[in-house]
Amino acid sequence: TRTRTFGIVHYEQDPPVFGDLQRRATKRYESQGYKAKTILTYLLDLNTLPNQAQAIVGRLKRLDVTSVVFLGDPLMPKYLTEAATKQDYHPEWIITGTVFTDSTAAARLYDQEQWAHAFGASSLPARTAPQYSEPWRLYRWWFGKDPEAKKTLPLMGPTIQQLFLGIQGAGPHLDAKTFAGAL
């Protein structure tokens, strides 16, 4: 019943390196007719994530942000969702598929009351029995046995496969441009 208002939360490093990510996200949302009410950044510092999350959630709540677009690491949503529940703040959580935030393994760490209101995009493959996945098949073909890392291989396999597809497709002159062109 409320008008949707967006807030973008993303991580940053010191010195800053993700300014382009913020510009691209802002441009993309504006091209779709949306404007973020606020854009908040946090440093990926494991010792301070809980405190940063508390401050971020406080600001989002004060600004009456209804939908949080998350562009960050897989640990921060744990602290953000816990802080949101403690502060009686219940937004939509829009995941963008960054750094395994869209994986079940990471999502199990998040406050489930909050994560029941999460949705978004994912670049992870559709879930299937692990032994039917391409990484599993490749491992079995190469080593002649099932992998020991039964839960990790299906998750990491596509990422590693994409890396090697880019390297192979780049040809004999591998650099950032030929790699990007290959992908």
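1. A quick reminder before we start: helices (H or I, at least four residues) and strands (E, at least two) are DSSP runs, numbered from the N terminus. Thr-66 sits in the loop between α2 (49–62) and β3 (67–71). This is a predicted model, in which local features need pLDDT of at least 70 and side-chain atom pairs count only at pLDDT 80 or more, while totals for chains, interfaces and linings use all residues. Residues are numbered from 1 along each chain as its sequence is written, and side-chain values use heavy atoms, with hydrogens and water left out.

2. Setting aside neighbours within four places in sequence, Thr-66 is in contact with Arg-2, Thr-3, Arg-4, Thr-5, Pro-91 and Glu-92 (contact means heavy atoms within 4.5 Å). A polar atom of the Thr-66 side chain lies 2.8 Å from the backbone nitrogen of Thr-5.

3. Next, a helix pair. The axes of α6 (residues 134–143) and α7 (residues 153–170) come within 8 Å and cross at roughly 90 degrees (axes are lines fitted to C-alpha atoms, for helices over the stretch in contact, and angles run from 0 to 180 degrees between N-to-C directions). The two helices are therefore roughly perpendicular to each other (65 to 115 degrees; under 35 counts as roughly parallel, over 145 as roughly antiparallel and the rest as oblique).

4. Which residues of α6 and α7 meet? Glu-134, Pro-135, Trp-136 and Tyr-139 in α6 meet Leu-153, Gly-157, Pro-158 and Gln-161 in α7. By class, this contact of α6 with α7 has five nonpolar, two polar and one charged residues (Ala, Val, Leu, Ile, Met, Phe, Trp, Tyr, Cys and Pro count as nonpolar, Asp, Glu, Lys and Arg as charged, and the others, Gly among them, as polar).

5. On to charges: a search of the whole structure finds six salt bridges (a side-chain nitrogen of Lys or Arg within 4 Å of a carboxyl oxygen of Asp or Glu). One of them joins Glu-82 and Lys-78 at 2.6 Å, N to O. Both residues lie in α3 (residues 76–86), four residues apart, about one turn of the helix. Glu-82 is partly exposed at 26%, and Lys-78 is partly exposed at 24%.

6. Asp-146 forms a salt bridge with Arg-140, the closest N and O atoms being 3.2 Å apart. Asp-146 is partly exposed at 30%, as is Arg-140 at 45%.

Definitions and conventions:
Buried means under 20% relative accessible area, exposed over 50%, partly exposed in between (1.4 Å probe, protein chains only). A polar contact is a pair of N or O atoms within 3.5 Å; within protein, one must be able to donate a hydrogen and the other to accept it, and residues adjacent in sequence count only if both atoms are side-chain atoms.
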